[in-house]
Each structure stands twice: as C-alpha cells, then as structure tokens.
Amino acid sequence: MGERLRKFVPRAPRYTLRPQDRNVMRYALANSRGGIEHTTLLNLSETGMAFLMDRSTEIAIGDEIKVEVPIPDGDQIAWFGKVVRIEVYDTSSWFSRNRQEPEMIKVGLRFEALPVGHKNTLRQGIEASFIRAMREQRQRTLLYYRLLLTQHLW
C-alpha cells in the first residue's frame, strides 16, 4: 500500500483557458541552448500547467523547462518546471480533417519550488477567472429562462 501512496501526487484544480483568455506563452528548454519558443497554453493550476509543443522537439519526462505563463487576470510569471506527462494531442475533428497541421504533443508540467509570491498571483488569477466564468454562466442561464418564459407563457 505504501508504494501506491508514494505514486499519488496532489493536484490543484485546473483552470482550462477559455477563448477570451490569453493563451500564448513562451518557453525555453533548460538543458539546450535553443531559443525561446512560443506555444499555446491549455490549462493552468497552482501546481502546474499543460501546453502544446511541436512533436519534433526532443523532450522527455523529467526534463526541466523555463516557462513564462500568462495568468488569466492579466499578470505574467516566469519560473521553472519539470515535465511530468507527454501525450499526443489529437486535433482531428469533423471540421479540420483536410487541413494539414503540424503534429503536436501535450506536455504536462509541474512547477518546482514555486515562490510564495508567484503561487499567490496564480491563485488570485485563477480564482478571479473561476468567479468571472460562474457569473457569465449565471447570466446566460437567466437569459435563457427569461427567453423561455416570454416565448411560452405570453
């Protein structure tokens, strides 16, 4: 049982970026002398993040990456993280079957020894985004019921 508990890594709630959020981020591989690359950020939490990377990039689980992350409320932080997950990112859908897009991989990154200030900035940005999303959902629901009542009762 101890072995199974050792494999457990606590995860904070993930904030999946919405279309209106800034999702372009920069990264640089710590072990290579390559330049800074731009990519798409998929989700973010206090403990890590997931983003897309070109499949031709040589990366392995355990590699260290320096990332510059846009936080949803407008701030930005830069820090180091370790790659904990790599998987093929499937972009095939019914509307993009004929487009030739470069094959991408989804990279999961865990922040290493994140300073308290960065962690607080992440927490505040994510909480503000969750609250904003809930408020927008509540407004859409109210508009839907108002429309439903006006169409069917009057």
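**Salt bridges and strand pairing in a predicted model**

Residues are numbered from 1 along each chain as its sequence is written, and side-chain values use heavy atoms, with hydrogens and water left out.

Let me begin with Arg26 and Glu68, whose side chains meet in a salt bridge at 2.7 Å, N to O. Arg26 lies in strand β2 and Glu68 in strand β5, so this pair ties together parts that are 42 residues apart in sequence; helices (H or I, at least four residues) and strands (E, at least two) are DSSP runs here, numbered from the N terminus. Arg26 is partly exposed, with a relative accessible area of 32%, and Glu68, at 22%, also counts as partly exposed, where buried means under 20% relative accessible area, exposed over 50%, and partly exposed in between, with a 1.4 Å probe and protein chains only.

What about Arg123 and Glu46? They form a salt bridge whose closest N and O atoms are 3.3 Å apart, and the pair links distant parts of the chain, with Arg123 in helix α2 (residues 116-153) and Glu46 in the loop between β3 (37-44) and β4 (48-54), 77 residues apart. Arg85 forms a salt bridge with Glu87 as well, the closest N and O atoms being 3.4 Å apart; Arg85 has a relative accessible area of 28%, and Glu87 one of 34%.

Now to the strands, which pair if DSSP finds at least two bridges between them. Strand β2 (residues 24-29) and strand β5 (residues 64-70) pair in the antiparallel sense over four bridges, and within this pairing Ala28 stands opposite Lys66 of β5. Strand β5 is also joined to strand β6 (residues 76-89), by seven bridges and again antiparallel, and here the bridge partner of Lys66 is Phe80 in β6. The hairpin of β5 and β6 has five residues between the strands, and in it Gly74 takes a positive phi near 120°.

Finally, Gln20 is found in the loop between β1 (15-16) and β2, where its relative accessible area of 51% makes it exposed. The C-alpha atoms of Gln20 and Pro72 are separated by 9.3 Å, although the two residues are 52 residues apart along the chain.

Definitions and conventions:
Predicted model: local features only at pLDDT ≥ 70, side-chain atom pairs only at ≥ 80, totals over all residues. Salt bridge = Lys/Arg side-chain N within 4 Å of Asp/Glu carboxyl O.
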